[in-house]
Amino acid sequence: MKNHVQIKKFEISDIPLFSDLCESSEWYYPQVMATTQTLMRYKEYRDHCYVAYADNQLVGFIYGGVLCDTLYPQFMFVKERYRKSGIGSALMSTLEHSSQ
C-alpha cells in the first residue's frame with residue numbers, strides 16, 4: 001500500500017479533510033481535531049507538518065517542532081485501515097529529513 005501513498009508538505013487546504021481521518025466516536029478523535037487548531041495557531045508546527053494521501057484521500061499526518069537544533073515530533077496519526085503499511089515510518093522519515 002505504501003507505493004500508492006504520497007507524502008507532501010501540509011497546506012491550509014488540507015485542514016477540512018482532517019475530519020475524515022476517524023469517526024467522532026473513536027477515542028482519539030478529539031486529539032486529531034485539536035491538531036487543526038494547533039496547526040492554525042503555530043507557524044512552527046505548520047512549517048514541520050506533512051500529510052499522507054492515498055487515492056486523493058488524506059490518510060495520515062505528522063507534525064513537530066525544532067528547538068535548539070533538536071526535532072520534537074508532537075503528534076502523528078494514520079487512518080486505521082492504512083496502519084502497518086509503512087505510512088507512519090514514511091511520515092517520520094520525511095519530518096526528520098526536513099528538519100536537518
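These are my notebook entries on one predicted model.

**Entry: overall layout**

I started with the secondary structure. I counted three helices and four strands in the protein chain. Reading along the sequence, I wrote down the pattern β-α-α-β-β-β-α. I then looked up the radius of gyration, which is 13 Å. The globule rule gives 13 Å for 100 residues, so the chain is as compact as a globular protein of that length. For the extent of the C-alpha trace along its principal axes, I noted about 35 × 30 × 25 Å.

Next came burial and surface. Of the 100 residues in the protein chain, 40% are buried. The chain exposes about 6100 Å². Carbon and sulfur atoms supply 49% of that area. I also looked at sequence separation in the contacts. Taking contacts between residues at least 6 apart in sequence, I found that 56% join residues at least 24 apart.

**Entry: the sheet**

In what order do the four strands stand in the sheet? I traced E1-E2-E3-E4, in an open sheet with antiparallel pairing. E1 (5-9) and E4 (70-78) are the edge strands. Each has a single partner strand, so one side of each is left without a neighbour in the sheet. From one strand to the next, the twist averages 20°.

I went through the pairs in turn. E1 and E2 run antiparallel and are joined by five bridges. Val5 has Ala54 in E2 as its bridge partner. E2 and E3 are also antiparallel, with six bridges. There I found Cys49 opposite Tyr63 in E3. The hairpin of E2 and E3 has two residues between the strands. In that hairpin, Asp55 takes a positive phi near 50°. E3 (residues 57-67) pairs with E4 over eight bridges, again antiparallel. In this pair, Gly64 stands opposite Pro73 in E4.

**Entry: helices on the sheet**

Which strands does H1 touch? I found helix H1 (residues 29-41) packed on the sheet against E2 (49-54), E3 and E4. Its direction makes about 55° with that of E3. Helix H3 (residues 87-98) packs on the sheet too, and touches E1, E2, E3 and E4. The direction of H3 makes about 155° with that of E4.

**Entry: strand E2**

How many residues of E2 are buried? I counted six of the six, so E2 is largely enclosed by the rest of the structure. I checked its faces separately. On one side, Cys49, Val51 and Tyr53 are buried.

**Entry: cysteines**

I searched the whole structure for disulfides and found zero. Cys49 is in no disulfide, and its nearest cysteine sulfur, that of Cys22, is 15 Å away. A disulfide needs the two sulfur atoms within 2.5 Å, so that separation rules out this pair. Is Cys49 buried or exposed? I read a relative accessible area of 0% for Cys49, so it counts as buried. Cys68 has a relative accessible area of 70%, so I logged it as exposed.

**Entry: Ile12**

I placed Ile12 in the loop between E1 and H1. Its relative accessible area is 44%, so it counts as partly exposed. Which residues is Ile12 in contact with, leaving aside neighbours within four places in sequence? I found Met40 and Arg46. I also took the C-alpha separation of Ile12 and Ile62, which is 14 Å. These two are 50 residues apart along the chain.

**Entry: Tyr45**

I found Tyr45 in helix H2 (residues 43-47). Its relative accessibility is 19%. The cut-off for buried is under 20%, so Tyr45 counts as buried. I then listed its contacts, not counting residues up to four places away in sequence. Tyr45 touches Thr38, Leu39, Tyr63, Gly64, Gly65 and Gln74. Two of these names came up in the sheet entry. Tyr63 is the residue opposite Cys49, and Gly64 is the residue opposite Pro73. Last, I looked up the C-alpha atoms of Tyr45 and Asp69, which are separated by 15 Å. Along the chain, Tyr45 and Asp69 are 24 residues apart.

Definitions and conventions
Residues numbered from 1 in each chain as written. Predicted model: local features only at pLDDT ≥ 70, side-chain atom pairs only at ≥ 80, totals over all residues. Heavy atoms only, no water. Buried < 20%, exposed > 50% of the residue type's maximum accessible area, 1.4 Å probe, protein only. Pairing = 2+ DSSP bridges. Axes fitted to C-alpha atoms, helices over the stretch in contact; angles between N-to-C directions. Contact = heavy atoms within 4.5 Å. Rg over C-alpha atoms; globule rule 2.2 N^0.38 Å. Areas by Shrake-Rupley, 256 points an atom, 1.4 Å probe, with all protein chains shown as cover.
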